[in-house]
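Here are my notes from going through the model, in the form of numbered points.

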Amino acid sequence: MTTEHQIAFFLRELETGDTWRRAAAAKGLGKLGGTEHAAVLLRAAADPAPEVRQGAAVGLGRLGVSSAGAAQTLCALMDDVDPWVRRRASLASIRLGLRDREVVDAYGRLLSDPDHHLRINALEALLELGVPGDVPTLVRLMGDPAHGIWGRARSLVFMFEKDPAVEAELVRTAQWGADAARVCAVLMLPDQHVDRLLPWLLSELTDSPSIEVRCAVAFRLARVDRPEVRDGLFAVLEAERDPTMARQLLFLFGRSGDERLLNPASRWLSDQRAGPSAASALGCVGGKAATRLLRALLTDPTTAAPTLAAAATAYGDMGRWDAVWLLLPLLDHAAPEVYAGALRGLDAMARTGFRPWERAAVARAVVARLHVDATLFGVAERVLTGLAEALPGLRELVDRTTSPLVRSAALSLLDPHNATDAGTPHDLPLFERHLDDGDNWVRRAAAEGIAHWVEETGTLPAGQERLRERLAALDSDPWDSVREAAAEALRALNEVRND
């Protein structure tokens with residue numbers, strides 16, 4: 001059947017077919033028809049059957065005719081009683097790129113539609129057009145429970161936060177809106193309004209019945225660099241009885257090291273929610289009292305895992321004389337987060353260097369646990385970098401482990417740029433063996449290790465021609481990083497030979 005015959009068929013179906021045939025004909029006509037068929041679809045948009053009106057909306061979008069009549073019809077369909085008709089009409093309007101005032105108003109009305117798909121369509125359309133639409137409704141949608149809606153609404157509000165109407169609505173919502181929207185509005189309050197509303201904001205820290213609003217107010221006020229605001233926040237923390245609010249305030253001021261944190265932090269250490277923030281804050285405060293409290297947490301078997309993890313990191317950051325001996329046993333804790341906290345505590349100590357009598361113990365413990373958490377390989381590598389005491393264990397681990405991630409990490413740590421020992425001159429065969437590894441990260445680490453081994457030792461290895469052939473073969477490796485590492489190794493070999 002030719003296109004002309006198909007179009008003729010669709011036109012007949014629109015006149016005589018049943019509901020579903022008319023709906024299908026409207027969609028088909030939009031796909032195959034031309035500008036001259038727009039009038040037919042406009043008439044179909046008034047069909048008493050919602051299925052046909054839906055088909056007409058789809059057809060108009062497919063037809064691509066953005067005439068005044070099409071815009072008016074689609075605006076009317078976006079107010080249709082049937083949600084599927086409204087949905088198809090909104091998508092057709094987006095597809096046609098309609099920008100008329102009445103279309104923008106229609107999108108604004110859809111922001112209040114009970115169908116969340118239509119609220120999303122309206123937000124997408126307004127983002128595309130670069131207009132806020134119905135401002136009060138838009139700001140209210142920042143508190144919509146659906147992530148696909150509040151995320152888009154916040155993006156649109158942020159885009160127009162300097163628009164006078166949007167700015168005024170943000171202030172109004174922050175003060176009198178629904179709690180979910182108030183949280184976002186408070187966080188987005190411009191500085192000039194924060195100064196003007198400061199007495200009200202300080203009162204909301206304690207008077208608001210919504211803990212989410214109180215936390216948002218605290219977060220916004222923490223960015224205000226004024227002594228009276230800071231004093232007010234500390235006063236609230238001192239008297240606070242809600243763990244969620246206490247956690248927020250301890251988190252906000254924990255890194256300040258202010259001694260006023262000592263009493264409230266010690267009071268919240270035993271709380272499941274606020275305990276981790278309290279432990280972190282104590283680490284920043286430092287001093288004898290904080291040290292005593294953190295040491296008690298680390299040695300108490302009843303300490304909750306999240307608090308224990310935070311205490312381990314904080315104690316390592318303090319670098320106390322007994323930190324290593326308190327943290328190493330925690331690497332075997334049953335809770336993965338405690339292992340992570342202890343490893344991060346050791347990482348903090350590694351930045352200033354371990355004491356000579358600590359190095360071997362740290363090396364053995366961390367090498368033995370490289371396989372525990374792949375997401376922490378970077379932290380473990382920082383701890384082990386520079387520890388020559390770790391090299392014997394790493395040499396054994398490279399060929400013993402079945403994990404490519406552990407193997408690549410071990411090879412990277414054996415790289416002579418990181419640490420050397422008496423066994424370093426004999427590491428080249430180990431790197432060579434893994435040039436053909438099935439994992440691209442292992443191949444890269446092996447090639448980089450060869451390059452740095454040649455640079456560090458300044459010698460040409462026995463059987464260098466065979467090694468050159470193997471490195472040259474990596475020029476066809478599918479991974480750019482492997483090819484670059486192999487090329488670096490070849491350059492190192494050439495430079496040593498030329499010298």
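**Notes on helix packing, salt bridges and buried spots**

1. Let me start with a helix pair: H26 passes H27 in a left-handed crossing. Bear in mind throughout that this is a predicted model. H26 covers residues 391-400 and H27 covers residues 404-414, and their axes come within 9 Å, crossing at roughly 145°. On the H26 side the contact is made by Leu 391, Leu 394, Arg 395, Leu 397 and Val 398; across from them in H27 are Val 406, Arg 407, Ala 410, Leu 411, Leu 413 and Leu 414. By type, that contact has nine nonpolar residues, two charged and no polar ones.

2. Ala 388 lies between helix H25 (377-384) and H26. With a relative accessible area of 22%, Ala 388 is partly exposed; the cut-off for buried is under 20%. Ala 388 touches Arg 359, Ala 419, Thr 420 and Asp 421, leaving aside residues up to four places away in sequence.

3. On to salt bridges in general: a search of the whole structure turns up 34. One of them joins Arg 87 and Asp 115, whose closest N and O atoms are 2.8 Å apart. This pair links distant parts of the chain, 28 residues apart: Arg 87 belongs to helix H6 (residues 83-96), and Asp 115 to the loop between helix H7 (101-110) and helix H8 (116-129). Arg 87 counts as buried because its relative accessibility is 14%. Asp 115 is buried too, at 12% relative accessible area.

4. Which residues are linked in a network of salt bridges? Asp 179, Arg 182 and Glu 204 are.

5. The next helix pair is H20 (residues 287-299) with H21 (residues 305-318). Their axes are 9 Å apart and the helices pack at an angle of about 135°, which makes H20 oblique to H21. This crossing is left-handed. From H20 come Gly 287, Thr 291, Leu 294, Arg 295, Leu 297 and Leu 298, and they meet Thr 307, Leu 308, Ala 311, Ala 312, Ala 314, Tyr 315 and Met 318 of H21. Sorted by type, the contact holds nine nonpolar residues, three polar and one charged.

6. Zoom in on Thr 307, which is found in helix H21. With a relative accessible area of 1%, Thr 307 is buried. What does Thr 307 touch, not counting residues up to four places away in sequence? The list is Leu 269, Asp 271, Gly 275, Pro 276, Ala 279 and Leu 297.

7. Last stop, helix H17 (residues 243-253). Eight of its eleven residues are buried, so H17 is largely enclosed by the rest of the structure. The buried ones are Pro 243, Thr 244, Met 245, Ala 246, Gln 248, Leu 249, Leu 250 and Phe 253. Their cover includes helix H14 (198-207), helix H15 (211-221), helix H16 (227-239), helix H18 (262-268) and helix H19 (275-285).

Technical notes. Residues are numbered from 1 along each chain as its sequence is written. This is a predicted model: local features need pLDDT of at least 70, side-chain atom pairs count only at pLDDT 80 or more; totals for chains, interfaces and linings use all residues. Side-chain values use heavy atoms; hydrogens and water are left out. Axes are lines fitted to C-alpha atoms, for helices over the stretch in contact, and angles run from 0 to 180 degrees between N-to-C directions. Helices (H or I, at least four residues) and strands (E, at least two) are DSSP runs, numbered from the N terminus. A crossing is left-handed if the near helix is turned anticlockwise from the far one by less than a right angle, and right-handed if clockwise. Contact means heavy atoms within 4.5 Å. Ala, Val, Leu, Ile, Met, Phe, Trp, Tyr, Cys and Pro count as nonpolar, Asp, Glu, Lys and Arg as charged, and the others, Gly among them, as polar. A salt bridge is a side-chain nitrogen of Lys or Arg within 4 Å of a carboxyl oxygen of Asp or Glu. Buried means under 20% relative accessible area, exposed over 50%, partly exposed in between (1.4 Å probe, protein chains only). Angles under 35 degrees count as roughly parallel, over 145 as roughly antiparallel, 65 to 115 as roughly perpendicular and the rest as oblique.
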